[in-house]
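Hi,

Here is the structure I promised to pass on.

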Amino acid sequence: MTERQKSWLTLAALWLLLLLLASLRPLAVPDEGRYGEVGRWMLMSGDWLTPRLNGIPFFHKPPLLYWLDAISLAIFGVNEVGLRLVPALHAGLMLIAMYLATRHISTEQIARRAVIMLGTGLGILVGGQYVNHDMLVATWISLGIGFFAFSIMAGDKPNAWLARLGFLACALGMLSKGLIGVALPGLVLLVWLIWTRQFKKIRYLPWVSGLALFGAVALPWFVLAQQKYPDFFNYMFIGQQFNRYTATTYNNPQPWWFYLLALTLLLFPWLFFALGQVRRVTSMTLTSALGIDQVWWRLCWAWVLSILLFFSIPNSKLVGYILPVLPPLALLAALGWQRVMSHRTHAQRWFAGICLLNLAIALVLMLKVGDVTKSGRSKDVAEVLACAATPGDRFYVSGAYPYDLPFYVQTTQAMIALEDWPTLRQKSGDGWQRELFEGADFDAKAGQVLQSKEVLASIAQTPGHWFVTRSGNPMVDNLPGWSLHYKGNGWNLYRSGGSLAAAAAAIEPASPARATFPGCKISAR
């Protein structure tokens with residue numbers, strides 16, 4: 001077997017391992033429940049223009065994740081792995097791109113080691129199968145930087161076709177998570193070009209054809225959404241992007257050093273070998289010792305430090321935001337290992353042992369995460385509800401929002417959310433209530449699912465209504481007509497209709513022909 005065949009086999013093994021880990025846990029809430037359900041609703045409704053949460057427009061992020069989720073679910077069925085294929089495919093693309101790029105600027109051995117370091121870190125093993133926008137935009141940011149960098153390094157003038165691929169990657173990055181898909185590649189490349197004194201080369205980039213390609217891919221959805229919803233641009237770009245970056249009132253406030261800790265965990269322990277590269281070296285020293293030119297070394301650090309600083313400024317911080325810096329850090333770690341460990345007798349054993357340790361940690365996390373988070377999830381209630389309810393029944397929620405329940409039940413109707421909505425509009429923070437009532441402002445008809453709590457009393461005696469709420473919520477305990485149907489790990493399911501509902505529940509198990517939701521396991525027998 002050749003060295004390149006070993007590398008491709010390694011890439012395949014890492015990706016299959018990622019899929020295995022993706023199959024070992026239920027949906028995480030809120031993120032996977034929220035974004036997975038938006039994709040399922042898009043598939044079910046056939047509306048590929050407007051992402052919807054609970055039937056209400058959801059314009060927090062652009063639609064690439066939802067489009068790909070819907071396509072994957074159509075092919076592989078409505079299940080967790082079908083959703084996780086989307087970030088996993090992007091993680092695989094990141095690994096392949098990194099391997100090809102590193103092989104070009106260094107050696108086969110360093111390229112394979114860098115891929116293994118990246119692929120056995122928690123950033124890929126966990127983030128690469130987590131259903132949200134972060135792995136998608138991290139991949140397209142990385143590809144955008146890579147294509148433009150190789151274009152610029154092609155000679156006195158940039159390679160036009162590589163640059164066009166860079167514009168395309170930025171377009172897909174923008175469709176993944178908005179302006180950072182363009183801003184971060186631009187920031188990294190600007191710093192790098194100034195640092196390496198190549199700034200004048202940007203004049204020779206294929207700006208006309210590149211921007212035309214970018215516009216043809218990235219802009220149509222934004223234009224169509226703005227035409228249908230006049231306040232769309234203001235909401236997405238000002239409210240959800242600029243304000244979230246500059247304001248201090250959003251969730252997840254963290255100190256400035258948060259991402260240093262996050263990177264330690266995401267690329268443990270390889271990060272420490274990367275930090276060993278933090279020193280000034282001459283081009284001759286670096287090239288002769290490691291087979292890499294200083295211009296690429298500087299790109300890696302421009303990449304890491306620019307994005308690290310960019311995301312450290314806002315008050316709100318999430319671990320997934322920093323995923324775009326993992327590829328250059330893995331390359332630096334591979335170079336550091338080569339310098340520090342390659343001459344040691346048992347270096348390969350140490351390397352294999354660390355990889356196995358990381359895999360063990362990831363496996364334990366996947367096996368235990370369900371038990372640790374079960375009180376927040378509503379999958380157990382969803383499985384009962386899918387078999388007990390009929391497609392004509394209505395579902396009601398209050399006090400909290402079961403993000404994963406519609407996905408597992410596979411509902412075709414939106415749930416009725418019961419709250420004091422006028423008060424919440426004045427006092428609600430950055431939570432599920434705001435997601436719903438702000439979305440309802442775009443579509444008043446869809447917003448009719450936001451109703452007052454008094455509805456519960458008016459429907460209590462009528463069969464065909466279900467109320468899902470967190471355990472300990474006393475809203476229906478003293479309302480005649482409502483009865484506890486199922487007590488879950490963290491959520492309770494109530495049924496309307498009093499004695500009529502109890503009688504119906506008694507005969508349901510003996511009625512296999514009864515119409516149930518697709519999520520009902522009994523109906524599949």
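Below is what turned up on disulfides, pockets and one asparagine.

First, the ground rules. This is a predicted model, where local features need pLDDT of at least 70 and side-chain atom pairs count only at pLDDT 80 or more, while totals for chains, interfaces and linings use all residues. Residues are numbered from 1 along each chain as its sequence is written, and side-chain values use heavy atoms, with hydrogens and water left out.

Disulfides: taking a pair of cysteine sulfur atoms within 2.5 Å as the criterion, the count comes to one. Cys387 is joined to Cys520, with 2.1 Å from S to S. The angle about the S-S bond is 110 degrees, which makes the link right-handed. Distant parts of the chain are linked here: Cys387 sits in helix H18 (residues 379-388) and Cys520 in the segment after helix H23 (499-507), 133 residues apart. (Helices are DSSP runs of H or I with at least four residues, numbered from the N terminus.) Both cysteines, Cys387 and Cys520, are buried, meaning under 20% relative accessible area with a 1.4 Å probe, protein chains only.

What about Cys170 and Cys355? Cys170 is in no disulfide, as the nearest cysteine sulfur, in Cys300, is 18 Å away. For Cys355 the closest cysteine sulfur is also that of Cys300, at 19 Å, so that is too far for a bond. Cys170 is buried at 7% relative accessible area, and Cys355 is buried at 9%.

Of its 50 lining residues, Asp31, Asn132, Asp134, Leu318 and Tyr321 are the closest to the centre. Helix H11 gives the largest share of that lining, five residues.

The second largest pocket has about 490 Å³. It is lined by 25 residues, and those closest to its centre include Ala97, Met98 and Phe150. H4 supplies the largest share of this lining, nine residues.

Finally, Asn358 lies in helix H17 (residues 347-373). Asn358 counts as buried because its relative accessibility is 3%. Leaving out residues up to four places away in sequence, Asn358 touches Thr120, Leu125, Phe268, Pro269 and Trp270, with contact meaning heavy atoms within 4.5 Å.

Cheers

Note on methods:
Helices (H or I, at least four residues) and strands (E, at least two) are DSSP runs, numbered from the N terminus. Buried means under 20% relative accessible area, exposed over 50%, partly exposed in between (1.4 Å probe, protein chains only). On a 1 Å grid over the protein atoms alone, a cavity is a set of points where a 1.4 Å probe fits but cannot get out, and a pocket is an open set with protein on both sides within 12 Å along at least five of seven lines; lining residues have an atom within 4 Å of a point. Grid points are joined across faces, edges and corners, and a volume is the space filled by probe spheres set on the points.
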